[in-house]
Amino acid sequence: MKFPSPFYRWRPHPWHGLDVGPAVPTVVHAYIELTPFDRIKYELDKQTGYLRVDRPNRTSSFCPTLYGFVPRTFCGSRVAALMPEAKAGDHDPLDICVISERPITMSEIILKARIVGGLPMCDNDEADDKIIAVLENDNMWQDVTDVTQLPKVMVDRLRHYFSTYKMLTPDDAKVHIADAYGREHAEEVVKAAMADYLDHFGE
């Protein structure tokens, strides 16, 4: 029997083994770790590539969108340079929030996301940008190309979630989120994170 191409004998690592996206930096792939229905905080286990249970949510806040990261990105010095108050990147893949009209309840999925903006989150002096995107080919959001076209309350909910979700945690993180930025700056953050990845991990 001949296997179709491409065929992965082993499961590819979601961070390192998947493509950044079909039309970067505008349309990227997103690997989803959390859905708006999760009561548990999951995080990618960087060694194995599987989702690990981090902790039950300590607050009553829930992420209002799908949440994950862009493969083959890394928040290093280039990403930090785009955020004046940051002293470094957070050394994680670039986070992304994806808006979908229809409920998507499963995590550990890959989807195509069209970038429209982002939130400049500084977490303990580290750049931890939250890219905002819409699900590609979602008819409800097909005309949205910039964060300014989204309902303000949706962006406010994202800012509130990321401002409060670390409350009650032992490290008592100091989080600051400035005003949302538009698509053009978000695409610069994506390109910087791709370059940081190459610097840190190579090809």
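# A walk through the predicted model

Arg-114 is found in strand E7, residues 110-119. Helices (H or I, at least four residues) and strands (E, at least two) are DSSP runs, numbered from the N terminus. This is a predicted model, in which local features need pLDDT of at least 70 and side-chain atom pairs count only at pLDDT 80 or more, while totals for chains, interfaces and linings use all residues. Residues are numbered from 1 along each chain as its sequence is written, and side-chain values use heavy atoms, with hydrogens and water left out.

Stay with Arg-114 for a moment. Is Arg-114 buried or exposed? Arg-114 counts as buried because its relative accessibility is 13%. Buried means under 20% relative accessible area, exposed means over 50%, and partly exposed lies in between (1.4 Å probe, protein chains only). The side chain of Arg-114 has a polar contact of 2.9 Å with the side chain of Glu-136. It also reaches the backbone oxygen of Gln-142, at 3.4 Å. A polar contact is a pair of N or O atoms within 3.5 Å; within protein, one must be able to donate a hydrogen and the other to accept it, and residues adjacent in sequence count only if both atoms are side-chain atoms. Setting aside neighbours within four places in sequence, Arg-114 is in contact (heavy atoms within 4.5 Å) with residues including Thr-26, Val-27, Trp-141 and Asp-143.

Leu-111 is in contact with Val-28, His-29, Ala-30, Ile-32, Leu-66, Val-98 and Leu-135, leaving aside neighbours within four places in sequence.

Now turn to the open spaces. On a 1 Å grid over the protein atoms alone, a cavity is a set of points where a 1.4 Å probe fits but cannot get out, and a pocket is an open set with protein on both sides within 12 Å along at least five of seven lines; lining residues have an atom within 4 Å of a point. Grid points are joined across faces, edges and corners, and a volume is the space filled by probe spheres set on the points. The largest pocket holds about 460 Å³. Its lining has 24 residues, and Lys-41, Glu-43, Asp-92, Tyr-165 and Lys-166 lie nearest the centre. Strands E2 (40-44), E3 (51-56) and E4 (66-69) each give two or more residues to this lining. E2 has the largest share, with four. What classes make up the lining of the largest pocket? It divides into six nonpolar, two polar and 16 charged residues. Here Ala, Val, Leu, Ile, Met, Phe, Trp, Tyr, Cys and Pro count as nonpolar, Asp, Glu, Lys and Arg as charged, and the others, Gly among them, as polar.

The second largest pocket has about 220 Å³ of space. Among its 14 lining residues, Pro-36, Pro-64, Thr-65, Ile-99 and Ser-100 are closest to the centre. Strand E6 (95-99) and helix H2 (152-164) each contribute two or more. By class, the lining of the second largest pocket has nine nonpolar, two polar and three charged residues.

The whole structure has two cavities of 30 Å³ or more. The largest cavity has a volume of about 70 Å³. Its lining includes Lys-41, Arg-55, Tyr-161 and Tyr-165. The second largest cavity has a volume of about 40 Å³. Lys-41, Asn-57, Phe-62 and Tyr-161 are among the residues that line the second largest cavity.

Last, some backbone details. Val-24 and Pro-25 are joined by a cis peptide bond, with omega about 5 degrees. Pro-25 lies in the segment before E1. Arg-72, in the loop between E4 and H1, has a positive phi of about 55 degrees although it is not a glycine. Asp-125 is not a glycine either, yet its phi is positive, about 70 degrees. Asp-125 lies in the loop between strand E8 (121-123) and strand E9 (126-127). Asp-125 counts as partly exposed because its relative accessible area is 39%.
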